[in-house]
Amino acid sequence: MDRKAEDAYVYDQGKQIMLFKLVHNGKIDLQTASEQSGMTKEEFERKMEEAGYWLP
């Protein structure tokens, strides 16, 4: 993986974690977070749980 691709990957991972935390803490809803991440609600929720976060 080249440097630009690696930076983009790290950025996307950080964005996902921030969205997981916002949903987990009740700051934004699942629908909004999934739209921002470009995932379906089901996919976002699954990845959120895999990362150790859950819905409030």
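User: Where do Asp7 and Arg3 sit relative to each other in helix 1?
Analyst: Asp7 and Arg3 are 4 residues apart in helix 1 (residues 3-24), so about one helical turn separates them. Helices here are DSSP runs of H or I with at least four residues, numbered from the N terminus. The model is predicted: local features need pLDDT of at least 70 and side-chain atom pairs count only at pLDDT 80 or more, while totals for chains, interfaces and linings use all residues. Residues are numbered from 1 along each chain as its sequence is written, and side-chain values use heavy atoms, leaving out hydrogens and water.

User: What do Asp7 and Arg3 form?
Analyst: They form a salt bridge, with the closest N and O atoms 3.5 Å apart. The term denotes a side-chain nitrogen of Lys or Arg within 4 Å of a carboxyl oxygen of Asp or Glu.

User: How accessible is Arg3? And Asp7?
Analyst: Arg3 is exposed, at 59% relative accessible area, and Asp7 is partly exposed, at 39%. Buried means under 20%, exposed over 50% and partly exposed in between, using a 1.4 Å probe and protein chains only.

User: How many salt bridges does the structure hold?
Analyst: It holds 2. Glu50 and Arg46 also meet in one, at 3.0 Å from N to O. These two residues are 4 residues apart in helix 3 (residues 41-50). Glu50 is exposed at 58% relative accessibility, whereas Arg46 is partly exposed at 42%.

User: Changing topic, where is Glu6 found?
Analyst: Glu6 lies in helix 1 and is partly exposed, at 36% relative accessibility. Its C-alpha atom is separated by 22 Å from that of Phe44, 38 residues apart along the chain.
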